[in-house]
Amino acid sequence: MTERASASARAFGGLTRRSGPEAGLRPTVLFALAGSLTFAWIGFAIWASGPWRGELEAALGPVAGWAVPILLAYIPALVIGFMLFTLLVSPYRELQLVAPAGPWPAGRWPDVTVLIAARNEADAIELTLERIAGLTYSGSVEVVLADNGSTDRTAQLGDEAARRLGLDYRRLVEQAPGKHLALNAALATVTTPIVVTVDADTLLHSESLTYLVARLTSAPQGQHVCACAGALVAQNPLAGFVTRMQQWDYRLGINGVKRMQASYNTALVAQGAFSAYWTEDLRAVGGWPDAIGEDIVLTWSLLGSRGIVQYEPVALGFTVVPERLARLLSQRSRWARGMLEGLRSHPPPTQPRVLAKLVAGIDYLVPFLDIGLIFFWVPGVILFVFGYPLLFGWWSMLLLPITLAIFGFLRRWHERHVFRRLGIEVGKDVRGFAGYLVVYQVLTSSASLRGYAQYLGGAARRW
């Protein structure tokens with residue numbers, strides 16, 4: 001860590017006393033409240049599940065009598081309960097979309113460079129550029145296409161579309177394979193104070209950049225926001241059953257987790273598909289690292305030395321999600337490996353802010369969620385079907401109405417605060433939701449376990 005970065009870490013780390021927020025509870029008070037409610041819920045679960053543990057101990061022994069409930073019930077109750085209680089006591093407050101103050105002329109919005117790293121994206125690049133051209137952002141926007149050795153017509157189609165649309169556009173070529181290399185080559189040429197990354201298959205809502213920059217340039221309790229993640233939903237939700245399930249994951253699971261993390265100024269992934277960063281902060285940490293989860297590792301590096309990371313749910317981008325199951329599972333394996341890379345390179349205990357240590361530390365529990373689901377939940381359901389309800393009984397059935405209530409809360413929030421505000425009509429898609437509820441997590445957890453194994457085994461990485 002450089003001397004400058006170390007000084008920055010001390011400035012926002014530890015138990016630094018800060019002024020109260022403009023509205024709502026202090027993050028520390030919010031954490032204490034949500035944490036207390038969560039542990040009260042877990043305590044109730046442990047008390048209520050006493051007879052279940054007794055049956056497990058009689059059948060499987062004392063170790064399994066506790067191990068099974070911990071993996072199958074108590075850890076999920078902690079993770080899901082903490083997210084729910086946080087969101088219940090931390091309502092979203094709409095941004096004021098006024099030109100922020102900064103090292104640019106007063107009353108103007110800052111200039112932005114949009115980086116698009118692309119490799120063989122001929123099918124998508126034109127529409128992506130068209131959506132960027134349709135942004136309502138009031139500042140100037142330069143677009144840089146970082147072509148990572150494409151062998152199709154990505155470069156030609158991108159250049160032609162940019163001329164047709166009148167974009168402030170340029171293209172550079174990085175032949176060495178690796179998304180991080182393409183992004184870093186483009187970063188070296190940036191002259192604007194803010195950088196926004198957009199995947200070549202992500203379509204931005206016309207107002208998304210304004211909301212994203214407004215959140216990035218905010219200073220909650222006087223803290224520097226070094227990065228801000230935009231919100232993503234599926235661009236192709238009805239292409240098939242696999243995409244139908246994924247649309248609910250983005251709307252409910254991913255959105256809910258990011259909102260919870262941002263309540264504590266610790267969004268753990270400023271994803272490359274659509275996020276904003278201060279150019280100076282990116283350069284201070286050396287840009288994007290050589291990692292399969294380069295955006296995850298970058299985010300944790302920024303959290304550790306540059307400032308806080310936020311999430312703006314109304315800065316909406318539509319990303320193309322995998323249509324084939326094999327591609328979905330491969331993607332989730334990469335995400336799991338990326339999380340482990342982040343935990344290894346920037347362990348939560350090394351984070352300078354106490355809340356960042358605690359929120360990031362939740363990721364240590366994620367592999368146990370996957371293990372519990374695959375090795376206990378799935379066998380428990382199978383045994384229950386054949387008349388052996390040892391692992392899956394009435395206590396497990398109670399999870400269904402609780403889960404439906406949580407998802408209902410998250411769905412209504414997203415439709416009210418995001419889709420309705422942006423004038424977007426969405427369907428109900430009961431079939432996709434049923435698949436998401438019943439089989440989706442089993443599929444993605446199995447993929448995550450494969451990703452953990454690949455990481456531990458040192459399997460080769462790919463673009």
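So, how many bridges join strand S4 (residues 194–198) to S7? Five, and the two strands run antiparallel. Before I go on: this is a predicted model, so local features need pLDDT of at least 70, side-chain atom pairs count only at pLDDT 80 or more, and totals for chains, interfaces and linings use all residues. Residues are numbered from 1 along each chain as its sequence is written, and side-chain values use heavy atoms, with hydrogens and water left out.

On terms, helices (H or I, at least four residues) and strands (E, at least two) are DSSP runs numbered from the N terminus, and two strands pair if DSSP finds at least two bridges between them.

Back to S4. Its Ile-194 has Trp-278 of S7 as bridge partner, and Val-112 stands opposite Ile-194 too.

Zooming out, we have an open, mixed sheet of eight strands, ordered S3-S2-S1-S4-S7-S6-S8-S5. The edges are S3 (168–173) and S5 (202–204), each pairing on one side only.

Now, why call S7 largely enclosed by the rest of the structure? Because five of the five residues of S7 (residues 274–278) are buried, buried being under 20% relative accessible area with a 1.4 Å probe, protein chains only (over 50% is exposed, in between partly exposed). Both faces are covered: Phe-274, Ala-276 and Trp-278 on one side, Ser-275 and Tyr-277 on the other.

Opposite Ala-276 stands Cys-228, which is buried at 0% relative accessible area. Cys-226 is buried as well, also at 0%. Are they bonded or apart? Apart: their sulfurs are 10 Å from each other, too far for a bond, given that a disulfide needs cysteine sulfurs within 2.5 Å. The structure holds zero disulfides.

The axes of H2 (residues 27–48) and H4 (residues 62–89) come within 8 Å and cross at roughly 145 degrees; axes are lines fitted to C-alpha atoms, for helices over the stretch in contact, and angles run from 0 to 180 degrees between N-to-C directions. Their contact (heavy atoms within 4.5 Å) includes Phe-31 and Trp-41 of H2 and Tyr-74 and Phe-85 of H4.
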